[in-house]
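Subject: Handover of a structural model

Dear colleague,

Please find below the structure that I am passing on to you. My notes on what was found in it follow directly after.

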Amino acid sequence: MYKASRFSPLTSIIRHTVVTLPTPINISTWWNFGSLLGICLASQIFSGLVLSLHFTAHTDLSFYVVIQSFGDVYYNWWFRALHANGASFFFIGLYLHIARGLYYGSYLFKEVWSIGVVILLLVMASAFLGYVLPWGQMSFWGATVITSLFSALPVIGGDVVVWLWGGFSVDNATLTRFFGLHFVLPFIVAGLVGLHLFFLHDQGSSNPLGVSSDFNKVVFHHYYVLKDLVGACFFIGPLLGLVYFNPWLLGDPENFIEGNPLVTPHHIQPEWYFLFAYAILRAVPNKLGGVVALAAAVLVLFYMPVSPKTSVKGLSFYPWGKMLFFSLVGVFFLLTWAGSKPVEEPYVVISQVLSFLYFSYFALIGPITRIQDKLL
């Protein structure tokens, strides 16, 4: 019985994935975020399933069910705080994972990178849908603002918005379909993660030096299993600290007020992990142009696998490229800050300048590294 289970197809796949997988010997802590994101996804799915047992997708009930369940359902507050803060930590891990890929040239693995960008898009969609479900003020008005952006599409824009709403305004039909989509999308993401890992293991991991490591590898267990466990402790520790000591630190106070279509919040803004894209959206005065810029802020990542190739993979040996990369990191943080400010001067101009710098990175990184190749 033991031998049969040991050599079964499922056991072989698991064994090859987490035990005998050949892994470059020189990968650093930046490669830990893949496993951390897997932990985050599992945590979000589990906590979301628990919360769904005590949720009613109805505009007259959702807000009160969420508030009432804090006291009436055993440990519901813990699962809700874990789910809400887990989303923030999920995006921290995603953005760091993408930054590592940009810096070390992981985008050259085209299939792995492209599936990763699709995962990012679906996680962003799921996070937006989930933010609407508590039906607080910011949830309601955030849903209204974001879904209204589709009206900028030529010819079909109005019909698309009505289809999304399920009517002529954000109402009960909207909440019901958002709940259904929010429930299903994480499982689709989990399937894509499996495909992401399949192509990654088929092509092999990159490494900090950007050179072939086919002759210098070790098995994944126990070297990197232990390393990932240590990284998980450093990642989960702050998350649990936030859950227990200040669970609503990253939330918006407006969301503790029931959604009211007759009262508009003074300043409508999404969660912090969408603020960089929100700033880019507001930087363009034309509505359609803003929507295009918003989509391009993420879709531009698809360009990286076809960008000009360099002699050495990654930016470790390109001083100008490293300067440009860390400038992009600074621009990302500044865009996040600008997105949290009101739509007024000087924040509009600042957002426009930062948006130009953000897209400039993707246009310049290829030519600049190619120039350095020729100089060397």
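Tryptophan 135 lies in the loop that links α6 and α7. Its phi is near 60°, a positive value in a residue that is not glycine. Please bear in mind throughout that this is a predicted model.

Helix α6 covers residues 110-132 and helix α7 residues 137-148; their axes come within 8 Å and cross at roughly 135°. Angles over 145 degrees would count as roughly antiparallel, and the value here therefore makes α6 oblique to α7. On the α6 side, the contact is formed by Phe128, Tyr131 and Val132, while α7 contributes Met138, Ser139, Gly142, Ala143, Ile146 and Thr147. Sorted by class, the contact between α6 and α7 comprises 6 nonpolar and 3 polar residues, with no charged residues.

Helix α3 (residues 33-52) packs with helix α10 (residues 223-245) at an angle of about 55°, and their axes are 9 Å apart. These two helices are therefore oblique to each other, and the crossing of α3 and α10 is right-handed. Phe33, Ser35, Leu36, Ile39 and Cys40 of α3 meet Asp228, Gly231, Ala232, Phe235 and Ile236 of α10. The residues of this contact divide into 7 nonpolar, 2 polar and 1 charged.

The other partner is α5. Here α3 and α5 pack at an angle of about 155°, with 9 Å between their axes. That angle makes α3 roughly antiparallel to α5, and α3 passes α5 in a left-handed crossing. The contact of α3 with α5 divides by class into 14 nonpolar, 10 polar and 1 charged residues.

Helix α5, which covers residues 76-104, also holds histidine 83. Which residues does UniProt list under "binding site"? The unreviewed entry gives His83 and His182 for that feature. They span 100 residues in sequence, yet no two of their C-alpha atoms are more than 12.8 Å apart, so they gather at one spot. Both His83 and His182 are included in the lining of the largest cavity. The annotation comes from the UniProt record, whereas the lining was computed from the model.

One item of backbone geometry remains. The peptide bond from glutamate 345 to proline 346 is cis, with omega near 5°. Where is proline 346 placed? Proline 346 sits in the loop between α13 (319-339) and α14 (347-375).

With kind regards

Note on methods
Residues numbered from 1 in each chain as written. Predicted model: local features only at pLDDT ≥ 70, side-chain atom pairs only at ≥ 80, totals over all residues. Heavy atoms only, no water. Axes fitted to C-alpha atoms, helices over the stretch in contact; angles between N-to-C directions. Helix = DSSP H or I, 4+ residues; strand = E, 2+ residues; numbered from the N terminus. Parallel < 35°, antiparallel > 145°, perpendicular 65-115°, else oblique. Left-handed = near helix turned anticlockwise from the far one by under 90°. Contact = heavy atoms within 4.5 Å. Nonpolar A, V, L, I, M, F, W, Y, C, P; charged D, E, K, R; others polar. UniProt positions renumbered as here; feature names shortened; annotations may be inferred. 1 Å grid on protein atoms, 1.4 Å probe; cavity = no way out; pocket = protein on both sides within 12 Å on 5 of 7 lines; lining within 4 Å.
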